[in-house]
Amino acid sequence: MIDDSIRVLAGDCTVITETGDREEYRGRMTTIVKPDNTVLVHDTDGYQPVAWLTRADSVSSDRSDGFTLVAKKDSQRLRIAAHDQDGFANYPASAAGPLVGTCPDCSGALVRSKGVHCVDCGDRYGVPADATIRDDAANCECGLPRMRVERGLAFNVCLDRDCESLDEAVTEAFDREWNCPEPDCDGDLRILRRGGLIAGCEHYPDCDTGFAIPAGVVDGECGCGLPTFDTGGETRCLDATCEQVRQRRVDPEPGAASDD
């Protein structure tokens, strides 16, 4: 479902703020209460609210005598009392983001904001921060867009990890592909998820060697024997602390003059 609702109160109000000093305002204002309990009070002047309280600990309302809304956070207090109420309503709300596709379940808009979600039915899909969402021509058979993620290779997988798993694709490509670099260890590096994807020694816990797999594609071998990754203009070893990264050879542009 939709994340939550935004509450809106409009009318002739008195606003009292207590954030050290006490201040009082009167006028026709609109109060917005966001799902995270942020309260914003707007009038007609400027872009800045008349008063606000960010992520209040509590927001309560009383409609027994007019309409009163009180927000509290630590020692701060914001009170809005409506003398002449123009309206009060709850409106469905969700996070906003760039459009990336159409939901196959309800035909709602899929947007990207801390992952991908549908603005109508609220279906959510986790997406790595560096992922690129493909256009509709590359949709999965399930109807969802695919994403392009670089983890050693460039993988194109469905947004729904239960449909196509990035972990499984990386494991198939690189599980046991590299040897553990510890001198007294004969183990292989296995692809595991420990918060993120890592290449960790199969002999754990006897050998606790492990490396986070960076965003990028494998483009060579480091002096230590581990692979190097092109992370977008920079080459780094799988071991981020390694200082033996071999300088990548740069091929001359076609038609460029030779030094010979």
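Predicted model: local features only at pLDDT ≥ 70, side-chain atom pairs only at ≥ 80, totals over all residues.
The protein chain contains one helix and 20 strands. Its radius of gyration is 27 Å, well over the 18 Å that the globule rule gives for 260 residues, so the chain is more spread out than a compact globule. Along the principal axes, the C-alpha atoms occupy a box of roughly 85 × 50 × 45 Å. Of the 260 residues, 36% are buried. Among contacts with a separation of 6 or more, 32% are made by residues 24 or more positions apart.

Charged side chains comprise 27 positive and 49 negative groups. The centres of these two sets lie 6 Å apart.

In soluble globular proteins, nonpolar side chains tend to be buried together. In the present model, the largest nonpolar core consists of 38 residues, and the members that touch the most others are Met-147, Val-170, Leu-189 and Leu-238. At least two residues of this core come from each of the strands β10 (116-118), β13 (146-152), β14 (154-158), β15 (189-194) and β16 (196-201), and likewise from the helix α1 (166-174). The largest share, four residues, is supplied by α1.

The relative accessible area of Thr-17 is 9%, below the 20% limit for burial, so Thr-17 is classed as buried. When residues up to four places away in sequence are left out, the contacts of Thr-17 are with Arg-22, Glu-23, Ala-51, Arg-77 and Leu-78.

Pro-49, by contrast, is situated in a loop, the one between β3 (39-42) and β4 (51-53). With a relative accessibility of 16%, Pro-49 also falls under the 20% cut-off and therefore counts as buried. Leaving out residues up to four places away in sequence, Pro-49 touches Leu-40, Val-41 and His-42. Pro-49 and Pro-183 are 134 residues apart along the chain, and a distance of 63 Å separates their C-alpha atoms.

Notes. Residues numbered from 1 in each chain as written. Heavy atoms only, no water. Rg over C-alpha atoms; globule rule 2.2 N^0.38 Å. Buried < 20%, exposed > 50% of the residue type's maximum accessible area, 1.4 Å probe, protein only. Contact = heavy atoms within 4.5 Å. Lys, Arg positive; Asp, Glu negative; His and termini not counted. Charge placed at Lys NZ, Arg CZ, Asp CG, Glu CD. Core = buried A, V, L, I, M, F, W, Y, C linked by side-chain atoms within 4.5 Å.
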